[in-house]
Amino acid sequence: MCEPATLATIAIATSAVSAGAGVVASNRQTELAQRQAENRAEETAAARDEEIGQRVREARRLRSTLQVSAGEAGVAGNSFEAQLRNIAGQTNQDVAVIQKQAGFTERGLNSIRDSQVGNFGALNAGLQIAGSTADALGRLRIQRAANGP
């Protein structure tokens, strides 16, 4: 029959191998979470850019319509210029809101990524090995106490 110390060593070694496999799996999960977060960030940026582009195109259309209407009516002056500035100001405000909302979304995605990417694999492995070691040493002490000094 194997000695208690040998059994304890085998238990600790088995725990270490198991913990190592857990670390590898944890690292793979971390890499996957990082890739997913990068993909979400790219999608968010693309959506933001498209929304800004749509707003700028709409403003150009409004300015063109205003300029054509003013030209046909023979209208010019301060009110016409004020209307053009109003369109430009509203466009700038809309773009700023879109960018701000995209920033909020990006921060939220970063928080999600950070919570998913936490690398606890090494910590879990260490705890698993420590627990197995304590269990094996406890069994060894009990067995030695039963067999006598």
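Residues are numbered from 1 along each chain as its sequence is written, and side-chain values use heavy atoms, with hydrogens and water left out.

The protein contains three helices and zero strands, where helices (H or I, at least four residues) and strands (E, at least two) are DSSP runs numbered from the N terminus. From that terminus on, the order of the elements is α-α-α. Confidence is highest in α2, at a mean of 86, and lowest in helix α3 (residues 121–147), at 66. Where pLDDT is low, the predicted coordinates should not be read in detail.

Of the 149 residues, 19% count as buried, a class that requires under 20% relative accessible area, with exposed set at over 50% and partly exposed in between (1.4 Å probe, protein chains only). By the Shrake-Rupley method with a 1.4 Å probe, in which only the protein chains shown count as cover for residues, the protein exposes about 10400 Å², and carbon and sulfur atoms supply 55% of this area. Among contacts (heavy atoms within 4.5 Å) with a separation of 6 or more, 85% are accounted for by residues 24 or more positions apart. T30 has its place in helix α1 and counts as buried, at 12% relative accessibility.

Side chains of opposite charge can pair when their charged atoms come close. With a salt bridge defined as a side-chain nitrogen of Lys or Arg within 4 Å of a carboxyl oxygen of Asp or Glu, the count comes to five. One of them joins R35 to E31, with the closest N and O atoms 3.9 Å apart; both residues lie in helix α1, four residues apart, about one turn of the helix. R35 is partly exposed, with a relative accessible area of 48%, and E31 is likewise partly exposed, at 43%. Another salt bridge is formed by the side chains of R48 and D49, at 3.0 Å from N to O. R48 counts as partly exposed at 26% relative accessibility, as does D49 at 43%.

A further salt bridge, between the side chains of D94 and R55, has an N to O distance of 2.4 Å. Because D94 lies in helix α2 (residues 78–117) and R55 in helix α1, the pair ties together parts that are 39 residues apart in sequence. Salt bridges with shared partners join R55, E58 and D94 into one network. D94 is partly exposed, with a relative accessible area of 22%, whereas R55 is buried, at 11%. Helix α1, in which R55 lies, spans residues 4–73. When neighbours within four places in sequence are left aside, R55 is in contact with Q90, T91, D94 and I98.

Key
This is a predicted model: local features need pLDDT of at least 70, side-chain atom pairs count only at pLDDT 80 or more; totals for chains, interfaces and linings use all residues. pLDDT is the predictor's confidence in each residue, from 0 to 100.
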